[in-house]
Amino acid sequence: MKGVDHLAHERNKTEFDVDAMKIVWAGSRHAFELSDRMARLVASDPAFQKDGRIRLGRKELFKNTLRKAAHAWKRILELHLTEEEAGWLRNFVDEPSFTDLHWGMFVPAIKGQGTDEQQQKWLPLAYKMQIIGSYAQTELGHGSNVQGLETTATFDPETDEFVIHSPTLTSSKWWPGGLGKVSTHAIVYARLITNGQEHGVHGFIVQLRSLDDHMPIPGITIGDIGMKFGNGAYNTMDNGVLTFDHIRIPRNQMLMRVLQVTREGKCVKSNVPRQLIYGTMVFVRQTIVADASTALARAVCIATRYSAVRRQFGSQDGGMETQVIDYKTQQSRLFPLLASAYAFRFVGEWLKWLYTDVTQRLQANDFSILPEAHACTAGLKSLTTTATADAIEECRKLCGGHGYLCASGLPELFAVYVPACTYEGDNVVLLLQVARFLMKTVSQLGSGKKPVGTTAYLGRVQDLLQCCCDVQTAEDWLKPSVVLEAFEARSARMCVARAQNLSKFENPEDGFAELSADLVEASVAHCQLIVVSKFIDKLQQDIPGKGVNRQLQNLCYIYALNLLHKYLGDFLSTGCITPKQASLANDQLRSLYSQIRPNAIALVDAFNYTDHYLGSVLGRYDGNVYPKLYEEAWKDPLNDSVVPDGYHEYIHPMLKQQLRNARL
Ligand SMILES: CCCCC/C=C\C/C=C\C/C=C\CC/C=C/C(=O)SCCNC(=O)CCNC(=O)[C@H](O)C(C)(C)COP(=O)(O)OP(=O)(O)OC[C@H]1O[C@@H](n2cnc3c(N)ncnc32)[C@H](O)[C@@H]1OP(=O)(O)O
Ligand SMILES: Cc1cc2nc3c(=O)[nH]c(=O)nc-3n(C[C@H](O)[C@H](O)[C@H](O)COP(=O)(O)OP(=O)(O)OC[C@H]3O[C@@H](n4cnc5c(N)ncnc54)[C@H](O)[C@@H]3O)c2cc1C
């Protein structure tokens, strides 16, 4: 790093090997080296600079995004980057664009739901970007309720084609990213109708625009749905509207891994479960969990560095004021977020492993853990994105007034991140899916079916209903078994109580609807248990590097004990712990904050974010905040002239008028 390091005194306090922690954070030395190389490549390329993005009008902003995406693709080809490297490069460009949907959903949908033949035909085109794809599922009238989609795909046996049609206004496709202005193709989800019979919603590959002049195919109406929340932010994306007026596509453009439609229009089911049609969502939800830790870490990095730079009060003798990071209130708000970033990283790693495992099993026709994979991806997507969106806003507050400036990077980060609570499944709707899975698991306990995976603890439900927490000192809260048992007991007791309440209803669906708010709470408890248990699992691994494991232990207990504090009502009302034990947990938490404090800057340095990627004056690596903030203010177009435009029309006459009135 060039120049003076205003945070050097903080970095000198570090008690662990930061380089080793960087590798833990990245997941492996390979991932670290690769991401580090790509981050620097992007940061050093002027074509990828982000300054002033928030001040651009929509058209300029969008064109700028197209330019960056094209430049990124050029660099990917010139440097012969692998798929993995290209993914990192796009990530560090840090601007949502049609390429996210092309690589993140269109390609995975074809891979997951297409037959071998379909993959052979479409994937090479997509890999070379000779076609650009989007994922058109949501409609104006329905998003969460996928089975309620209205677009139809009717088989015409005479021509061996499907006729794709939007029968109503509400059936207009609405929201798909990349659709509005860029995509040439889309996976369109529509109700399959053959021989006058409906066969549910399926995916179809549909060409939308000409590959010659980009004009919509006749019968297709397509455009952008308009500005979204925040400046810059997600407005770089062309979320689109699309309607079909009897568009014809060949039969072999229905994705047929789950269900085949024959030349005669007969439906033939494969051995793959129907739910695989939702497989792309499972894949993306899993990536969203990993992305949550990245976004959260960004906000925390900014807030932590700035909290060490910022000083307020505390100077009685004319000396330095107190760094705000030294206030216990600041620590109690900031350090749990730092701990959450690490917690979500590790649960994201585990979820990736689970997803890979499920994919391999599916290939071997083993579908047994699909429900578990669905519940975990849905639940963890919901938990981590809600927590991250809230945390970004908390980080803004932790930075006081300056956090509200766009130069802090936090407003744009919030605006770009917050739709993650909605896309890929509204977070409440997803928790209800988890609740269904949990209630099903509890209802099967009596039949001798042993729960496995993340619900294995429910197999010990009798013990968990009776167990008493044996914490007697604050240090007892640093035992993994104690923490795990408290979280397992809380979740098990909440699940059983909800199941008992459900059983009082004659119609289970009525009961589910009536108790849904309580059920969502049980889902949250279950998902928090998963995160805590995966963090504890991580600590059992042999992690090299001086002091690294110690820091991770501290973060793990901060994550768990802060949740215990925040959800104390659950823990106390289910009788898992006593008020005295809760108070000891709080004592331990305060002590952990003191232990983390000298390492806080190094723990955010371990994220290895470049200043380019952070895009924040407050979060600069060198901590040189004030001169740069001052410099930044003068870049605002309002400061182009000393006297503003509009002075002569509006300010001067008003002042003159008041002067005249005063004289009267
Ligand atoms: C910079 C680099 C970036 C790289 C890019 C990489 C990744 C992208 C990263 C970020 C994203 C970027 C942009 C965002 C783009 C956004 C895209 C979208 O939003 S696409 C649209 C997403 N839509 C949804 O998520 C809809 C939510 N709704 C649903 O998931 C379901 O329809 C719902 C709610 C589950 C339906 O419920 P219900 O009607 O009860 O269910 P069904 O009758 O349909 O099904 C019942 C059984 O099926 C099981 N089920 C449900 N879903 C799944 C699933 N996904 N997998 C497996 N099983 C599933 C369900 O549990 C029922 O099972 P049982 O019968 O109870 O056993
Ligand atoms: C930025 C962004 C990008 C997107 N990109 C794409 C894309 O590329 N492709 C695509 O197909 N879609 C995309 N979407 C759409 C997205 O997937 C949907 O918006 C999302 O699935 C939520 O559905 P909805 O809008 O119908 O919400 P609704 O279901 O209408 O939700 C409204 C409210 O109703 C509540 N609710 C709904 N159902 C229930 C229930 N059963 N029980 C209790 N409460 C309920 C919800 O919790 C919420 O509070 C995108 C959306 C956004 C915001």
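## Ligand 2

An oxygen atom of ligand 2 lies 3.0 Å from a polar backbone atom of Gly177, a polar contact in the sense of a pair of N or O atoms within 3.5 Å. Within protein, one atom of such a pair must be able to donate a hydrogen and the other to accept it, and residues adjacent in sequence count only if both atoms are side-chain atoms. Side chains also make contacts: an N or O atom in the side chain of Ser144 is 2.5 Å from an oxygen atom of ligand 2, and one in the side chain of Asp426 is 2.6 Å from an oxygen atom of ligand 2. On its own, ligand 2 has 970 Å² of accessible area, of which the protein covers 63%; accessible areas come from the Shrake-Rupley method with a 1.4 Å probe, and for residues only the protein chains shown count as cover.

Around ligand 2 there are 20 residues, and Tyr135, Thr138, Gly143, Ser144 and Asp426 come nearest; a residue is near a molecule or strand if one of its heavy atoms lies within 4 Å of it. By class, this shell holds 10 nonpolar, 8 polar and 2 charged residues. Ala, Val, Leu, Ile, Met, Phe, Trp, Tyr, Cys and Pro count as nonpolar, Asp, Glu, Lys and Arg as charged, and the others, Gly among them, as polar. Helix H12 gives the most to the shell, with 3 residues.

## Basis of the model

The model is predicted: local features need pLDDT of at least 70, side-chain atom pairs count only at pLDDT 80 or more, and totals for chains, interfaces and linings use all residues. Residues are numbered from 1 along each chain as its sequence is written, chains are lettered from A and ligands numbered from 1 in the order in which they are written, and side-chain values use heavy atoms, with hydrogens and water left out.

## Ligand 1

Ligand 1 has 28 residues around it, with Ser144, Tyr278, Arg285, Glu424 and Lys440 coming nearest. One of its oxygen atoms is 2.9 Å from an N or O atom in the side chain of Arg285, and a nitrogen atom of ligand 1 is 3.4 Å from an N or O atom in the side chain of His374. Gly425 places a backbone N or O atom 2.9 Å from an oxygen atom of ligand 1. The protein covers 75% of the 1,400 Å² of accessible area that ligand 1 has on its own.

Helices H6 (98–113), H8 (279–309) and H12 (427–443) are the elements that give two or more residues to the shell around ligand 1. H8 gives the most, with 7 residues. The shell consists of 12 nonpolar, 11 polar and 5 charged residues.

## Second largest pocket

The second largest pocket has a volume of about 560 Å³. Its lining has 23 residues, of which Ala387, Asp390, Leu563, Lys566 and Tyr567 lie nearest its centre. H10 provides the largest share of that lining, 7 residues. On a 1 Å grid over the protein atoms alone, a pocket is an open set of points with protein on both sides within 12 Å along at least five of seven lines, and lining residues have an atom within 4 Å of a point.

## Cavities

A search of the whole structure finds 4 cavities of 30 Å³ or more, a cavity being a set of grid points where a 1.4 Å probe fits but cannot get out.

Definitions and conventions
Helix = DSSP H or I, 4+ residues; strand = E, 2+ residues; numbered from the N terminus. Points joined across faces, edges and corners; volume = space filled by probe spheres on them.
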